[in-house]
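Let us take a walk through this structure together, with the view open beside the text. We will begin with how the chains fold and finish with how one of them is divided.

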Amino acid sequence: MTLVAGVLESTVRLATPLLLAAMGEIIAERSGVLNLGVEGMMLGGALTGFAAAVASGSLVVGFIAGTAIGAAMALLHAVLCVSFEADQVISGIMLTLLGVGLTTYFSQGWVGESIEGFRTITVPLLSEIPVVGAAFFSVTALDYLGLALVPFVWYLLFRTNVGREITAVGDDPETADTAGVPVYRIQYACVVLGGAFAGAGGAQLSLAFTNFWAPEMVAGRGWIAVALVIFAQWRIWRVLAGTYFFAAIDALSFRAAAVRDATLGVLDTPALESTVRFLLNPQVMNTYPYLLTIAVLWYVMRRGTLAELGAPSALLESYSRERD
Amino acid sequence: MSPTVEFERRDSLPRWLAYAAPLLTVLAALGIAAVPLVWIGVNPLVAYATVFVVQPSSIGGLADVLTTTLPLFLAGLAVYIPLKAGLWNVGAEGQLFVGAVVGSYVGLNADLPRPLLVPSMLIAATVVSALYGAIPGYLRAEHDVNEIISSLMLTFAATTFTGYLLRGPIQGSGGQTATDRLPEAAQLPTAFHPRLHVGVVALAVVGVFAYLLLSRTRFGYETTFAGSNPEAAAQAGISTYKVYVVVFVVGGCLAGLAGIIEVAGVHGRLFEDFSPQYGFTAIAVALLGRNGVLRVFLAAAFFGVLTAGGTTLAITQNVPTALIDVIVALTILCLLTAEFIKEYRIRLERGGSDPSAEGAA
């Protein structure tokens, strides 16, 4: 039982950066702009957040700075993809390379330093619920913030006029434009907001999870967030579920040895032992999110199209209004 | 009234711009990259002189440039050839890893004399990486699965799985996350200089092969046709299915070749960070060299000089090697901006209003 509670607790904390980044990516993609720069923006948020927190002595200032740098990097992507009609894939990969490069380049002064990060806030009573209580109600402010944003983003995207306009822009910008929807403005806003979420996710990593900065500390979480959006078929509640699923895999891989022994204890079939050992190896487990995403894509595309899967129809296409 | 920026679509591209664009792009990127250099107190002119003049003028430096250009050229072609068919292979890094793992495994375990061992390593590496590369091509051809996403996901699956292999099944005896050193017979021989392995002849061989494949064969014609107009190509009886699968097979094959040559020629053993993101720099290579195999080579050589010089800069002037990643990203950034400038003429005007801001709710 302590194993389950422990895994659950790390799942919740590991889920926050994924959740924030994936929600941001959904917002951007629903307006028709794919942003593969999530990894870079998260790294930017993690380093800037950490550096600003150390410099100012305030965690909140750090978190805001990390969020802002994510938004600023996304703005670059928006200029290239929306105004300059550049290839979204290339621009996004550029943004990741830029984020990895710049944060590694400028990180030297910060490596080895650590801070006292966001403290755990324990909700009385609720945190005493067995097993799930400590996991969900004894986490940091940023974890609560991530969870609280889920219904907010869902409401914004699926229950408001702005949300409908975003969907219209992502599905058919030409018609949306004719109907008077400010296509460019919406795409800019969604990409920048998405970047802010990714930056916030990165800042959570350095300010509330590791409490230090290390080059490439995001360690592929940005790419998993991109995968999550596809895995969740561009829907918020499925992203929440998918995030917990992927974060649970991550949490399990941290305790792979204990999980393996527990599984082998239950199974007790010598023939399966090497298979279980292989499948529950931490590195092998880290490939699951990627393989599962391909499997989901393959499974769904056998019957339908990406649009039926839930993808915005005009994703990856830059909208060009006759300008002269 | 505030000054506004207006964009006009160009009717035709001025001739000088078509030729000067790649060069101006690169110069712009190097110009912006001077900022982080100044930031850490390094004179950018001295740094660039080291990279572009001092480094390649010694035999050892030239050897490093050639051996770095090789994987960039091969991986660059692995992106460029599918791009000709209109597909993005952003998974060259993963295919490179697969080739390196398979080739190293054969090199460590097959007990063959050198004349047989090296070829079997190369063949095993290219065959398996071609199969791995074929997955996104097949998924795209058969089920219309987006090849960008699948090739990217397969890259991270491959690099992560390599991490597993290096901590378990193929881990060497030293206890590091690396294999044992390849036996002498499994390493590529060197010529002229101890760091110049004979694998660099692949620059010429593969270059000629790629040129002939794309411009002298029926397949090359079909690829270019399918890439420029898939519907018309299908009507003309060209199987886009075949094209999509084959370009990815060729791409995977070349990236895998780059991987095993890097291990057997440069490092002598496989470890986690054996590739300084060659597969991702390859995207910049293919973009910069979009108009022909020779240009892909020139782009690879540019990044090869940078990568090799970056190592020297790190040692002599204490510049973090991450500067190279920054320059690669900036080159892509300037390239995308240049594309736009090629398409549109930018005009600054006083007064008037921005058309895109009109019609707002």
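What share of the contacts in chain B with a separation of 6 or more is accounted for by residues 24 or more positions apart? The figure is 77%. Please keep in mind as we go that this is a predicted model, and that every value here is computed from it.

Now turn to the make-up of chain B. Its secondary structure comes to 13 helices and 2 strands. Of the 361 residues in chain B, 51% are buried.

Buried residues make up 52% of the 324 residues of chain A. Along the principal axes, the C-alpha atoms of chain A take up a box of roughly 70 × 55 × 40 Å. For 324 residues, a compact globule would have a radius of gyration near 20 Å; chain A has 20 Å, so its value agrees with that expectation. As for contacts in chain A with a separation of 6 or more, 78% of them are between residues 24 or more positions apart.

Let us return to chain B and look at its domains. Domain 1 of chain B is built from two stretches, 1-40 and 320-361, while domain 2 of chain B covers 58-314. The C-alpha centres of domain 1 and domain 2 of chain B lie 31 Å apart. Where the domains touch, 12 residues come from domain 1 of chain B and 12 residues from domain 2 of chain B.

Which helices of chain B each supply at least two residues of the side of domain 1 that touches domain 2? They are helix 1 (15-39) and helix 13 (322-343) of chain B. Helix 13 of chain B gives the largest share of that side, with 8 residues. By residue type, the side of domain 1 of chain B that touches domain 2 of chain B divides into 9 nonpolar, 2 polar and 1 charged.

Technical notes: Residues numbered from 1 in each chain as written. Chains lettered and ligands numbered in written order. Predicted model: local features only at pLDDT ≥ 70, side-chain atom pairs only at ≥ 80, totals over all residues. Rg over C-alpha atoms; globule rule 2.2 N^0.38 Å. Buried ≥ 20, exposed ≤ 12 C-beta atoms within 10 Å, placed from the backbone. Contact = placed C-beta atoms within 7 Å. Domains from an automatic or database assignment. Helix = DSSP H or I, 4+ residues; strand = E, 2+ residues; numbered from the N terminus. Nonpolar A, V, L, I, M, F, W, Y, C, P; charged D, E, K, R; others polar.
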